[in-house]
Amino acid sequence: MFKEPLQKIVDNVEGGIAGLVMGFDGIAVESYTREGHKMDITTVGMEFSFILTQVRKAAEILDVGSVQEVSIKAEKLLIVIRVLSPEYFLALALSPEGNFGKGRYLMRVVAPRLQAEL
């Protein structure tokens with residue numbers, strides 16, 4: 001149910017490595033890793049779910065509205081996270097030189113379909 005949209009996002013973005021739908025509790029709903037990559041996207045998602053929860057709390061305290069998207073650029077990885085609901089998020093892992101803009105666009109386009117299925 002979620003594998004196809006994840007695969008569509010990852011395989012259609014230059015530098016796409018993996019995608020994930022996960023609960024803020026750190027439990028993965030579905031994941032997809034592009035062939036030839038050995039990334040454990042579930043572990044990455046679990047680690048960043050805690051940080052994302054803290055960012056959401058900070059936004060609430062600051063009264064800036066709900067968090068919709070977060071990106072984290074590291075030396076070897078770029079992660080884009082889009083909040084789907086109060087309980088779930090969508091994450092995309094890209095190589096540092098990956099097409100960040102196209103990844104964000106595809107996540108935005110696919111998000112309503114994923115939200116309807118949650």
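**Salt bridges across the chain**

Student: What does R34 count as, going by relative accessibility?
Tutor: Partly exposed, because R34 has 22% relative accessibility (buried is under 20%, exposed over 50%, partly exposed in between; 1.4 Å probe, protein chains only). This is a predicted model: local features need pLDDT of at least 70, side-chain atom pairs 80 or more, while totals for chains, interfaces and linings use all residues. Numbering runs from 1 along each chain, and side-chain values use heavy atoms, without hydrogens or water.

Student: Which residue does R34 form a salt bridge with?
Tutor: D11, with the closest N and O atoms 3.3 Å apart. (That needs a Lys or Arg side-chain nitrogen within 4 Å of an Asp or Glu carboxyl oxygen.) R34 sits in the loop between strand 2 and helix 2, and D11 in helix 1, 23 residues apart. (Elements are DSSP runs: helices H or I, at least four residues; strands E, at least two.) D11 is partly exposed, at 32%.

Student: How many salt bridges are there in the whole structure?
Tutor: Six. E4 pairs with R113, closest N and O atoms 3.8 Å apart. E4 is in helix 1 and R113 in helix 3, 109 residues apart.

Student: And how exposed are E4 and R113?
Tutor: E4 is exposed, at 53%. R113 is partly exposed, at 37%.

Student: New one. What does E69 bridge to?
Tutor: R104, closest N and O atoms 2.4 Å apart. E69 lies in strand 3 and R104 in helix 3, so the pair ties together parts 35 residues apart in sequence. E69 is partly exposed at 25%, and R104 is partly exposed at 36%.

Student: Which residues join into one network?
Tutor: E4, R113 and E117, through salt bridges that share partners.
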